[in-house]
Amino acid sequence: MVNKILITGASGGIGGATAKALAKSGASLYLHYNSGKEAVDHLARGLREKYSDQFFICVQADLSREDGPELLLQQIDQQVNGVVYASGISKVSLFQDTESKTIKKMIQLQLTSPFRLLQQLIQPMIRAKSGKILLVSSIWGLEGASTEVLYSMVKGGQNAFVKALAKEAAPSGITVNAVAPGAVDTSMMHLFSPEDIEYVKQEIPMGRLAAPEEVASLINYLMSSEAGYISGQVISINGAWYC
């Protein structure tokens with residue numbers, strides 16, 4: 001049973017909804033944030049009141065920095081047998097206008113940091129012959145998006161990482177998967193104007209954005225024992241936007 005889980009990006013919409021779903025399923029959680037201390041503190045208080053026999057520990061680190069993974073690992077004082085990597089930022093710009101500092105920050109946050117974190121966190125899972133790893137990717141890691149070339153590139157890298165690590169970790173009883181949401185009603189959508197969001201809704205066959213709780217429900221299932229034979233998959237959840 002996966003009962004001690006690290007969620008990165010727990011201050012975000014998908015991360016917070018995932019924390020609530022996993023806590024309801026009986027998991028104790030390390031709730032990571034970077035700048036969203038108030039949101040994570042509020043989340044942890046609510047979970048402690050509701051599930052007094054589980055622990056909910058807030059941990060802070062900037063995973064877009066090179067030293068971020070090490071600082072986060074220093075705050076985890078118990079072995080975890082599950083990781084949900086939900087940290088993410090997006091940057092809308094023309095390909096030729098993307099600055100070097102933005103490229104470095106995005107690659108660190110979306111590729112280097114999860115790689116380095118999981119190098120350490122997977123070791124006790126290997127010894128225990130059990131564990132669950134999940135990354136929150138994106139529809140654009142599968143399809144690509146104009147003016148989000150960098151974001152599409154790193155999310156595509158996450159998808160390849162999931163497929164490769166799943167093959168390597170499978171003999172140790174560890175599953176590795178990703179969910180690839182389409183447009184989700186979170187703060188990340190604030191990058192776009194109301195008119196742009198309305199246009200996206202019209203493009204989606206279901207006619208609406210996903211709720212964070214809908215993505216969290218899928219994550220909760222993939223982190224459960226019922227999904228023990230699902231590994232190496234990048235599962236789309238996009239309202240039939242791209243099939």
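1. Is W140 buried or exposed? In this predicted model, W140 is buried, because its relative accessible area is 15%, where buried means under 20%, exposed over 50% and partly exposed in between, computed with a 1.4 Å probe on protein chains only. As to conventions, residues are numbered from 1 along each chain as its sequence is written, and side-chain values use heavy atoms, with hydrogens and water left out. Because the model is predicted, local features need pLDDT of at least 70 and side-chain atom pairs count only at pLDDT 80 or more, whereas totals for chains, interfaces and linings use all residues.

2. Five aromatic pairs turn up in a search of the whole structure; rings of Phe, Tyr and Trp (the six-membered ring of the last) pair if their centres lie within 6.5 Å, and planes under 30 degrees apart count as stacked, over 60 as edge-to-face and the rest as tilted. The pair of Y30 and F55 is edge-to-face because the ring centres are 5.4 Å apart and the planes stand at 65 degrees. Y30 lies in strand β2 (residues 28-33) and F55 in the loop between α2 (37-50) and β3 (56-60), so this pair ties together parts that are 25 residues apart in sequence; helices (H or I, at least four residues) and strands (E, at least two) are DSSP runs, numbered from the N terminus. Y30 and F55 are both buried.

3. W140 and Y242 also form an edge-to-face pair, at 5.8 Å centre to centre and with 80 degrees between the planes. Since W140 lies in helix α5 (residues 140-143) and Y242 in the segment after β7 (234-237), the pair ties together parts that are 102 residues apart in sequence. Y242 is partly exposed, with a relative accessible area of 32%. Ring pairs link W140, W241 and Y242 into a cluster.

4. Q75 sits in the loop between α3 (68-73) and β4 (82-85) and is partly exposed, at a relative accessible area of 31%. Leaving aside neighbours within four places in sequence, Q75 is in contact (heavy atoms within 4.5 Å) with Y30, V59 and Q60. Q75 and Y30 are 45 residues apart in sequence, yet their C-alpha atoms are 9.2 Å apart in space. A polar atom of the Q75 side chain lies 3.0 Å from the backbone oxygen of L71.

5. T175, in strand β6 (residues 174-181), is buried, with a relative accessible area of 5%.

6. The largest pocket holds about 1200 Å³ of space. On a 1 Å grid over the protein atoms alone, a pocket is an open set of points with protein on both sides within 12 Å along at least five of seven lines, a cavity is a set where a 1.4 Å probe fits but cannot get out, and lining residues have an atom within 4 Å of a point. Grid points are joined across faces, edges and corners, and a volume is the space filled by probe spheres set on the points. The pocket is lined by 50 residues, of which G88, S90, Y151, T186 and M188 lie nearest its centre. The largest share of this lining, five residues, comes from α7.

7. The structure holds one cavity of 30 Å³ or more, and the largest cavity has a volume of about 40 Å³. Its lining consists of K91, S93, L94, F95, T98, T147, E148, V149 and L150.

Methods
Polar contact = N/O pair within 3.5 Å; in protein donor to acceptor, adjacent residues only side chain to side chain.
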